[in-house]
Amino acid sequence: MISSVVKRYTPDIDTGELELTGYAVTLDDGKELFVPLDESNRHYQEVLQWVAEGNEISEPS
Amino acid sequence: MASEVKVNTINEYTTASGVTIDGVELKDGSVKGNGTGRKNYIINGNFDIWQRGTSETGRTSSGYVADRWFINPSGGSVDSSRQEFTAGQTDVPNEPQYFYRFENTVADDNVGLWQKFEDVRTFAGQTITISFYAKYTTNKPTNLFIDLNQNFGSSGSSEVSTSVFDDTNPYTTSWQKFTYTVTVPSISGKTINANNYIGVRFGNRTNETFDFDIAQVQVEKGSVATDFEYRPIGEEISLCQRYYQYSDTGSRYVINGALQSTTDFRCFIPLHTEMRATPTVTLGASPVVVSNGAYDNNGVTLTGNTQIAGGLASAFSVAATSGTFGNFQPASMRINTLEFDAEI
């Protein structure tokens, strides 16, 4: 079960502009996953479902 | 009295009938539905591959232990373990080495074990046969079922479930072979989206604790259960690694790359084989990035992955905790474990 989701950004290699490139997902047991923005990835689908249930993705601190 | 018939050719009676010899159907140059080789659609049906570890206790959330085998604990708690056959036993033929022991230790219904096949188009409109060996050890499962679930992906058509088998007390404490044949529904008119699959589910309807042992699982086209297909172990693990890969190097794994800036480390992480999707990555504890005498051992963070030929092009956020990182400098990352998950 997902406990929290934080956005992960990567600088564009030419411009340095930050792009959203994935999510850091923390599960209830404390395990942390890096989830790519790939609709075929099952964890990405779980993040979408988690958001649809009313949860919010955080910005990195 | 034994007899022998010698002929040059046996032809089918009609163009659709094929020829049946002692229950084996021959059609158009092959055993009907099976062809030759790669007949078993189940991956790790012999339970030889356990990249995540060979046992686990107390699983209460869905996931995997034996490669490719998805556990749904429902509201129960599942212990999984790899068990070894005694060499020379003859209850399960051809000397398999391992079987899977599945134990639900907290009473609940619909606890089950799945294998999901990539692509819901698999078997659509065709007849398939499921075969396996099974028994129980201590707590008999009293209402077992097998069903097929055609899942059409996110926002796709509603899932279609087809019952293959539903019966009380089929298992005993001795190994038995079970075979079931079913026609898979057509997918005509369905909307198919990402992450679609067809799953074979072995479950127990009764709210109870139970256990079962299972070996040599095979799903093949056609209406005949043929002998279990053994594949070379290297081929089997490669099939598994399309969905999951794990590396544990005891902190000796060094990945070379470069600092694009003082906070941006880029590298290439090799994979054994191309994965089904861009994988979820789990890093082992405390990765360290080192460059020109400076290092970050406190907060190396993966920020992006792209699957390219042979592996992942990856980006990490870094900040030197000792010394000073420079722009465009060679750098290396030391890490103990890497886990890649592209399961369905």
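**Figure 1. Lining of the largest pocket in the predicted model.** In this predicted model, the largest pocket is lined by 45 residues. Those that lie nearest its centre are Arg42(A), His43(A), Glu46(A), Ser62(B) and Phe70(B). The space in the largest pocket amounts to about 1,400 Å³. By residue class, the lining divides into 17 nonpolar, 16 polar and 12 charged residues.

**Figure 2. Secondary-structure elements around the largest pocket.** Helix α1 (42-52) of chain A supplies at least two residues of the lining of the largest pocket.

**Figure 3. Interface of chain B and chain A.** On the side of chain B, 24 residues are in contact with 20 residues of chain A. About 1,800 Å² of area is buried between chain B and chain A, and carbon and sulfur atoms give 49% of that area. Across this interface the rule finds 2 salt bridges. A salt bridge between the chains joins the side chains of Glu339(B) and Lys31(A), at 3.3 Å from N to O.

**Figure 4. The largest cavity, within chain B.** A search of the whole structure finds 1 cavity of 30 Å³ or more. About 50 Å³ of space lies in the largest cavity. Its lining consists of Phe132(B), Leu144(B), Phe145(B), Ile146(B), Phe165(B), Tyr171(B), Phe202(B), Gly203(B) and Phe212(B). The lining divides into 8 nonpolar residues, 1 polar residue and no charged residues.

Figure 5. Asp264(B) is placed in strand β17 (residues 264-270) of chain B. Its relative accessible area is 4%, so Asp264(B) counts as buried, the limit being under 20%. Apart from neighbours within four places in sequence, Asp264(B) is in contact with Pro11(A) of the other chain and with Ala258(B), Leu259(B), Ala315(B), Phe316(B) and Val318(B). The side chain of Asp264(B) also meets that of Arg266(B) in a salt bridge of 2.8 Å, N to O. Arg266(B) is likewise buried, with a relative accessible area of 17%. Asp264(B) and Thr301(B), which are 37 residues apart in sequence, lie 9.8 Å apart in space, C-alpha to C-alpha.

**Figure 6. Salt bridge between Asp67(B) and Arg52(B).** The side chains of Asp67(B) and Arg52(B) meet in a salt bridge at 4.0 Å, N to O. Asp67(B) lies in the loop between β5 and β6 (70-72) of chain B and Arg52(B) in the loop between β3 (30-31) and β4, so the pair ties together parts that are 15 residues apart in sequence. Asp67(B) is buried, with a relative accessible area of 0%, whereas Arg52(B) is partly exposed at 24% relative accessibility. A network of salt bridges links Arg52(B), Asp67(B), Arg68(B) and Glu343(B).

Figure 7. The side chains of Glu118(B) and Arg242(B) meet in a salt bridge at 2.7 Å, N to O. Glu118(B) belongs to strand β9 (residues 111-118) of chain B and Arg242(B) to the loop between α1 and β16, so this pair ties together parts that are 124 residues apart in sequence. Glu118(B) is partly exposed, with a relative accessible area of 26%, and Arg242(B) is also partly exposed, at 27%. Gln241(B) lies in helix α1 (residues 233-241) of chain B and counts as buried at 9% relative accessibility. Beyond its neighbours within four places in sequence, Gln241(B) is in contact with Gln51(B), His272(B), Thr273(B) and Met275(B).

Figure 8. Chain B has 1 helix and 23 strands. Its C-alpha trace spans about 90 × 50 × 45 Å along the principal axes. Of the 344 residues of chain B, 50% count as buried. Among contacts in chain B between residues at least 6 apart in sequence, 75% join residues at least 24 apart. Over all chains, the structure holds 18 salt bridges.

Conventions. Residues are numbered from 1 along each chain as its sequence is written. Chains are lettered from A and ligands numbered from 1 in the order in which they are written. This is a predicted model: local features need pLDDT of at least 70, side-chain atom pairs count only at pLDDT 80 or more; totals for chains, interfaces and linings use all residues. Side-chain values use heavy atoms; hydrogens and water are left out. On a 1 Å grid over the protein atoms alone, a cavity is a set of points where a 1.4 Å probe fits but cannot get out, and a pocket is an open set with protein on both sides within 12 Å along at least five of seven lines; lining residues have an atom within 4 Å of a point. Grid points are joined across faces, edges and corners, and a volume is the space filled by probe spheres set on the points. Helices (H or I, at least four residues) and strands (E, at least two) are DSSP runs, numbered from the N terminus. Ala, Val, Leu, Ile, Met, Phe, Trp, Tyr, Cys and Pro count as nonpolar, Asp, Glu, Lys and Arg as charged, and the others, Gly among them, as polar. Buried means under 20% relative accessible area, exposed over 50%, partly exposed in between (1.4 Å probe, protein chains only). Contact means heavy atoms within 4.5 Å. Buried area is the accessible area (1.4 Å probe) that two parts lose on being put together, summed over both.
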